Amino acid sequence: FQTFAMRFLFPSASDDHIVLKPVQFQAGLENEPALKQLLMFKCLIQDKRFLLTMIHTMEAQQGRFTLQDRCNFASLLIVALQHELPYVTDILTSLLSDLMQSSGRKSHPKLLLRRTESVAEKLLSNWLCILLFPFILKHIGDPLFTLFRAIKSQLEKGPVDAITGEARNSLSEEKLLRLQLDVNA
């Protein structure tokens, strides 16, 4: 589960990501104040009003809170609250409700949840990832992998342009080789 979650939550992270390491304090320093501060921060995160206000404030700062920051924040929030998924569900419900109300006023409500532009959208995908893992592992993991291997095998059977990477058999229209080739093998 740890490998699956790390690859989904932090796709560009290495194997020695800070989330995987236990909290360490410098030798010789008093650890009690740091532990007390961590517990106080945990209490703040568990306050629904504080967390919603913090998320809304961060998202309101468009220039300082980039898309990557939003994704990282949502992933770290899921990691911090992974044992309290009913609370995450409650937070997510409130955030999605706010997101739907704000997108209802805009001109394109159909674009809602198409891209992960907000913390709520990324939090939703992370939440689904965590909750669906047991189902994927027990029921659809093997058939899905078999389907992947079969599609990959079919795609690799046709000709592929060595320079452009375009192929006769492709799922992507952008990488489709449109020229008719006489292939002599």
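A residue is called buried when its relative accessible area is under 20%, exposed when over 50%, and partly exposed in between (1.4 Å probe, protein chains only). What you see is a predicted model, in which local features need pLDDT of at least 70 and side-chain atom pairs count only at pLDDT 80 or more, while totals for chains, interfaces and linings use all residues. Residues are numbered from 1 along each chain as its sequence is written, and side-chain values use heavy atoms, leaving out hydrogens and water.

Let us begin with Ser118, which sits in the loop between helix 5 (85-104) and helix 6; helices here are DSSP runs of H or I with at least four residues, numbered from the N terminus. Ser118 counts as buried because its relative accessibility is 7%. Setting aside residues up to four places away in sequence, Ser118 touches Glu59, Arg70 and Leu99, where contact means heavy atoms within 4.5 Å.

Next come the charged side chains. How many salt bridges does a search of the whole structure find? The search finds one, a salt bridge being a side-chain nitrogen of Lys or Arg within 4 Å of a carboxyl oxygen of Asp or Glu. Lys48 pairs with Asp90, and their closest N and O atoms are 3.1 Å apart. Lys48 belongs to helix 3 (residues 48-60) and Asp90 to helix 5, so the pair ties together parts 42 residues apart in sequence.

| Residue | Relative accessible area | Class |
|---|---|---|
| Lys48 | 27% | partly exposed |
| Asp90 | 33% | partly exposed |

Technical notes: Helices (H or I, at least four residues) and strands (E, at least two) are DSSP runs, numbered from the N terminus.
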